[in-house]
Amino acid sequence: MSDVYAEPTTAAGPTGPASLARYTTLRLGGPAGRLEVATDADEIVRKVREAEAREEAVLVLAGGSNVVIGDQGFPGTVVLVRSRGFQVVAEEGDTVTVRVAAGEPWDDLVAATVERGWSGLECLSGIPGSAGATPIQNVGAYGQEVAETIVAVEAYDRTHHEVVRIAAADCGFAYRGSVFKYSDRWVVLSVDFRLTRSPLSGPVRYAELARALGVEVGDRVPLADARSTVRRLRAGKGMVLDADDPDTWSVGSFFTNPVLEREAYELLRERAADLGEPPHWPGAGDVVKVSAAWLIDKAGFGKGYAGPEGVAISRKHTLALTNRSGVASTAALVALAREIRDGVHARLGVPLHPEPVLINCTI
Ligand SMILES: Cc1cc2nc3c(=O)[nH]c(=O)nc-3n(C[C@H](O)[C@H](O)[C@H](O)COP(=O)(O)OP(=O)(O)OC[C@H]3O[C@@H](n4cnc5c(N)ncnc54)[C@H](O)[C@@H]3O)c2cc1C
């Protein structure tokens with residue numbers, strides 16, 4: 001099957017047709033009980049219903065860029081979401097609402113919106129995976145997140161066996177979370193984004209991006225400049241998939257940035273007194289978001305730190321755990337994740353939580 005999501009297999013890696021390692025950016029995961037490809041919304045619903053009728057567990061998989069699948073694989077039916085395309089469904093004033101099929105490759109969509117002069121997704125350039133997965137963890141980067149532009153999600157509700165439209169307000173969007181994450185209830189079929197007709201980006205919010213663009217935080221820049229600069233910054237950190245670069249064979253950030261109550265943050269400052277001020281940002285309410293990359297680095301796990309079987313922290317980004325050898329097991333990756341989590345907790349007292357969805361494995 002030729003498609004933009006499937007990763008090439010390595011010579012020594014798992015090669016069976018149902019090996020899920022072929023469909024994940026980590027190149028990890030054992031076999032699927034049954035593998036089904038669905039190319040439009042009706043087919044996605046049908047394949048899910050058929051699996052339910054067979055009383056099999058269902059795993060919906062798209063780009064495989066935010067999952068860690070155990071070495072035992074997934075014994076039920078895996079539905080690969082491969083629907084494509086987008087269309088304008090509403091135009092009002094200077095806004096345009098675009099309905100995007102769940103399987104549309106995310107970065108293709110971002111490129112198309114930038115080309116058309118639709119502002120709102122440009123800072124999310126270069127993120128792998130599908131449009132339909134972006135609501136799952138409220139995908140975000142460089143000061144933008146999809147919660148700002150999603151107006152509705154169309155999903156198959158597996159509890160009530162019907163296709164529903166869920167307004168953004170009911171999606172429970174939070175930092176790397178939503179009602180969809182860790183829930184088997186909804187299968188996203190399409191997503192509506194409301195974008196603004198403008199040659200300029202939204203106000204640049206991320207200091208590193210502003211610096212790279214040579215502007216102040218709050219300034220707007222041509223959409224194409226925002227996109228190319230974000231892609232360049234991401235590529236420097238191994239955060240754009242590259243089949244030839246094992247530093248990108250990851251799920252992006254493996255841990256979320258911890259969100260701490262003020263008291264817990266003060267404790268961290270005390271424990272880290274010899275390490276300098278922990279980089280942090282204000283969260284919603286009286287909470288503080290702390291850099292997971294900094295914690296990991298200061299706990300002794302620097303870029304390139306290696307675990308068993310050739311798994312390692314990316315040489316370009318402390319937060320990315322990679323299957324550098326291309327032939328490691330999920331058990332090895334999870335062992336490295338555990339070592340880091342426990343090491344950070346022992347040294348700095350802060351619990352780390354994984355960002356990807358773990359399937360038939362645990363850390
Ligand atoms: C190099 C790299 C960089 C990354 N950078 C970022 C980043 O900057 N910001 C960020 O937020 N994320 C980032 N990620 C994580 C990932 O790309 C996103 O979370 C992306 O949205 C996942 O899309 P996917 O199609 O690959 O989802 P998958 O990995 O296929 O699935 C992820 C989860 O969503 C569920 N799912 C997928 N599609 C559907 C659907 N249609 N309906 C219901 N459930 C579904 C799956 O069951 C699974 O639980 C990065 C990953 C990599 C590898």
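## Ligand contacts

A nitrogen atom of the ligand sits 2.8 Å from an N or O atom in the side chain of Arg234. That is a polar contact (a pair of N or O atoms within 3.5 Å). The protein buries 94% of the 980 Å² that the ligand exposes when taken alone. Accessible areas come from the Shrake-Rupley method with a 1.4 Å probe.

The backbone also takes part. An N or O atom of the Val60 backbone lies 2.6 Å from an oxygen atom of the ligand. A polar backbone atom of Pro128 is 3.1 Å from an oxygen atom of the ligand.

## Basis of the model

This is a predicted model: local features need pLDDT of at least 70, side-chain atom pairs count only at pLDDT 80 or more, and totals for chains, interfaces and linings use all residues. Residues are numbered from 1 along each chain as its sequence is written, and side-chain values use heavy atoms, with hydrogens and water left out.

## The shell

The ligand is surrounded by 32 residues. A residue is near a molecule if one of its heavy atoms lies within 4 Å of it. The closest are Val60, Ala62, Ser65, Ser130 and Arg234.

The shell divides into 18 nonpolar, eleven polar and three charged residues. Ala, Val, Leu, Ile, Met, Phe, Trp, Tyr, Cys and Pro count as nonpolar; Asp, Glu, Lys and Arg count as charged; the others, Gly among them, count as polar.

## A parallel sheet

Three strands form an open sheet in the order 1-4-2, with parallel pairing. Strands are DSSP runs of E, at least two residues long; helices are runs of H or I, at least four. Two strands pair if DSSP finds at least two bridges between them. Strand 1 (32–38) and strand 2 are the edge strands, each pairing on one side only. Neighbouring strands are turned by 25° against each other on average, direction ignored.

Strand 2 is joined to strand 4 (residues 74–81) by four bridges. Val58 has Thr77 in strand 4 as its bridge partner. Helix 1 (residues 41–53) packs on the sheet and touches strand 1, strand 2 and strand 4. Contact here means heavy atoms within 4.5 Å. The helix direction makes about 155° with that of strand 1. Axes are lines fitted to C-alpha atoms, for helices over the stretch in contact, and angles run from 0 to 180 degrees between N-to-C directions.

## A hairpin

Strand 5 (residues 86–92) and strand 6 (residues 95–101) run antiparallel, joined by six bridges. Ala90 stands opposite Thr97 in strand 6. Two residues lie between the strands of this hairpin. Gly93, in the turn, has a positive phi of about 55°.

Conventions:
Polar contact = N/O pair within 3.5 Å; in protein donor to acceptor, adjacent residues only side chain to side chain.
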